[in-house]
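Please read the following points alongside the sequence and the structure. They are set out one topic at a time.

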Amino acid sequence: MNSTADKTAAELERQISQRLANLPDVDASMIEPHVEGTRVILQGSVDTVFSARKAVLGVRTVDGVHDVESHPTLTGNKDGASGRH
């Protein structure tokens, strides 16, 4: 039996959340992973398209993930800047 087949959705979500938290330039607190078998759906907010892409690529490196679907909302708050003075 394959060890990745034995992973529960909760275990996989925990590993995905941990991986997202370790990615530089990605605010993982704003991203929610949902696991459906070996497929992961990412929902939430990201600052830039670059951050969204980085999250997808990071999640793909988690053992047991075969497909990643991403539905981000872009905030545009690059580097925490809220506007000009």
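1. In this predicted model, glutamate 36 and arginine 39 form a salt bridge, with their closest N and O atoms 2.9 Å apart. Glutamate 36 is partly exposed, its relative accessible area being 45%. Arginine 39 is also partly exposed, at 27% relative accessibility.

2. Arginine 39 has a further salt bridge to glutamate 69, where the closest N and O atoms are 2.3 Å apart. This pair links distant parts of the chain, since arginine 39 belongs to strand E2 and glutamate 69 to strand E3 (residues 67–74), 30 residues apart. Through shared partners, Glu36, Arg39 and Glu69 are joined into one network.

3. The whole structure contains 3 salt bridges. One of them pairs the side chains of lysine 54 and aspartate 25, at 3.4 Å from N to O. Lysine 54 lies in helix H2 and aspartate 25 in the loop between H1 and E1, 29 residues apart. Aspartate 25 is exposed, with a relative accessible area of 58%.

4. Helix H1 (residues 9–21) buries Leu12, Ile16 and Leu20. Seen down the helix axis, the buried residues of H1 fall within an arc of 75°, so they line one face. The face turned away from the buried side carries the exposed residues Ala10 and Ala21. The cover over the buried residues of H1 includes strand E1 (31–36), strand E2 (39–46) and helix H2 (49–60).

5. The largest nonpolar core has 18 residues; among those touching the most other members are Ile16, Leu20 and Val40. H1, E1, E2 and H2 each supply at least two residues of this core, and H2 gives the most, with 4 residues.

Notes: Residues numbered from 1 in each chain as written. Predicted model: local features only at pLDDT ≥ 70, side-chain atom pairs only at ≥ 80, totals over all residues. Heavy atoms only, no water. Expected span 1.5 Å × (residues − 1). Buried < 20%, exposed > 50% of the residue type's maximum accessible area, 1.4 Å probe, protein only. Arc of directions from axis to C-beta. Contact = heavy atoms within 4.5 Å. Core = buried A, V, L, I, M, F, W, Y, C linked by side-chain atoms within 4.5 Å. Salt bridge = Lys/Arg side-chain N within 4 Å of Asp/Glu carboxyl O.
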